[in-house]
Amino acid sequence: MTALAAAQPVIPDFGRGSSCVRDNGTFCWDWVRAHWGDTLRPALVQHVALTAVAVAIGFAIAFALALLAHRRGRLTTPVVLVTGLLYTIPSLALFQLLVPFTGLSRTTAEIALVSYTLLILFRNTLAGLAGVPEEVRDAARGMGLTPRQLLWRVELPLALPAIVAGMRIATVTVISLATVAVFVVNEGLGAPIFDGLQQTFKTELIAAGALCVALALAADALLVLVQRALTPWTRVARSR
Amino acid sequence: MNDFADALRFIADNTALLWQLTLDHLALSGAAVGIALALAIPLGVTLGHLHRGSFAAINASNVGRALPSLALISIGVAVLGIGFVNVMVALVVLAFPIVLTNAYVAVDGVDPDAVEAARGMGMTGREVLWKVELPLALPLIFAGVRTAVVYVIATATLAAVAGAHSLGDVIVDQATYRLPGVLGAAICVAVLALLAELLFAALQRAVTPRALRLEERGAPLLGGPGTTNERTT
């Protein structure tokens with residue numbers, strides 16, 4: 001059998017690629033169609049998962065910190081200082097600096113991504129709570145609401161637009177940053193981008209980059225719709 | 001923690017290399033920021049002065065934020081080839097919307113009463129711009145510059161994947177420099193970004209007219225006004 005195999009003329013196997021792929025065109029739609037299922041869609045799903053987990057955890061932490069800082073103003077400066085420090089560190093550096101602790105893993109990627117959401121979410125939540133008019137608080141207290149009821153029934157609903165605005169910035173930022181996570185974990189849209197970077201055929205890279213931008217814009221639009229659904233009163237006020 | 005001791009040793013042993021790469025890093029960032037400022041500030045200030053084009057000027061940064069820097073640099077490789085120019089163009093594209101939006105919002109948002117008063121004193125449009133609007137808008141314009149500088153310095157790290165030199169060269173080349181080298185360079189980049197942030201925060205404070213400075217006294221140095229606008233690296 002080996003002799004027979006050796007006797008075969010060595011002809012490079014170019015597969016069944018279209019003329020565009022064979023000629024190394026700049027962008028080949030048929031490559032995208034052929035590899036949607038095995039490359040692009042899984043990467044997109046992983047990207048959404050990376051982003052959703054990071055924003056959810058980041059929001060939980062930032063929200064708790066903002067509630068504490070809302071009650072005790074002195075906490076604001078240290079929290080802004082620490083989260084601002086994390087926010088300033090370039091992502092490629094932060095991913096690598098976490099490797100000695102959590103290795104080349106999804107955990108490393110998530111910790112770094114979460115750390116980039118904290119400053120934005122904390123500041124927006126706090127600003128939203130601080131922006132509630134004092135008269136509204138007085139009225140609520142006059143109606144006999146306890147501090148807890150005041151927070152959950154009056155202050156937080158009124159702060160919602162600011163909170164969602166923070167979520168929009170944080171989500172779009174994380175979607176964009178998650179591509180850099182490819183240097184520590186081979187997941188998300190960064191994987192096909194990085195893959196495309198190392199070959200002359202550029203369709204994979206361009207398709208993944210475009211998907212990433214589309215995902216960011218779609219997520220932003222989705223959050224706008226969520227905000228409208230959650231705060232019907234702002235629409236009424238505007239239409240009058 | 002041993003890894004970090006090794007990283008510090010790497011920094012001590014390779015100061016010449018790291019210093020050279022830091023200079024390359026700053027040259028790349030400086031060129032990109034310079035071009036972005038030269039293009040975006042006149043445009044943003046003019047649009048803000050005329051109160052025109054708000055939709056485009058404000059949404060520029062929303063779209064800019066959605067652009068993944070790694071993808072942009074990579075696509076630049078496909079179109080412009082590898083090297084300094086490609087990465088610089090990508091960095092200009094990323095910095096431009098930040099500066100534009102801030103410059104527009106800064107000038108557009110100057111207190112109309114102040115502009116009205118200046119007009120009433122007989123100032124021409126040009127005088128209003130130079131003597132009233134620009135001094136009042138300067139802190140916010142500068143906030144955009146500061147965000148753009150820190151962002152560009154952070155993104156320039158990725159230049160390594162496109163054949164331009166920066167501190168990222170060491171970070172993405174673990175095969176050559178091993179973990180201590182990667183960590184050492186990562187520490188250098190982080191310090192560089194923080195120094196830029198602190199320097200520009202101080203400069204922003206310095207360009208703020210004294211009368212406006214009172215209002216934001218006590219604002220923290222890090223994460224001060226304008227720094228959370230956008231960031232994708």
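Q: In what order do the elements of chain B run from the N terminus on?
A: In this predicted model, the elements of chain B run α-α-α-α-α-α-α-α-α-α from the N terminus on. The count is 10 helices and 0 strands.

Q: Why is Gly44(B) called buried?
A: A residue is buried if 20 or more other C-beta atoms lie within 10 Å of its own. Gly44(B) has 28 other C-beta atoms within 10 Å, so Gly44(B) is buried. Across chain B, buried residues make up 52% of the 233 residues.

Q: Where in chain B does Gly44(B) lie, and which residues does Gly44(B) touch, not counting residues up to four places away in sequence?
A: Gly44(B) lies in helix H2, residues 15-50 of chain B. With those sequence neighbours left out, Gly44(B) touches Ala57(B), Val99(B), Leu100(B), Ala103(B) and Tyr104(B).

Q: What makes up the side of chain B that touches chain A?
A: In total, 36 residues of chain B are in contact with 40 residues of chain A. Helices that give two or more residues to this side of chain B include H1 (2-13), H3 (54-66) and H7 (125-156). The largest share, 8 residues, comes from H9(B). By type, the residues on this side divide into 24 nonpolar, 8 polar and 4 charged.

Note on methods
Residues are numbered from 1 along each chain as its sequence is written. Chains are lettered from A and ligands numbered from 1 in the order in which they are written. This is a predicted model: local features need pLDDT of at least 70, side-chain atom pairs count only at pLDDT 80 or more; totals for chains, interfaces and linings use all residues. Two residues are in contact if their C-beta atoms, placed from the backbone, lie within 7 Å. Helices (H or I, at least four residues) and strands (E, at least two) are DSSP runs, numbered from the N terminus. Ala, Val, Leu, Ile, Met, Phe, Trp, Tyr, Cys and Pro count as nonpolar, Asp, Glu, Lys and Arg as charged, and the others, Gly among them, as polar. A residue is buried if 20 or more other C-beta atoms lie within 10 Å of its own, exposed if 12 or fewer, and partly exposed in between; C-beta atoms are placed from the backbone.
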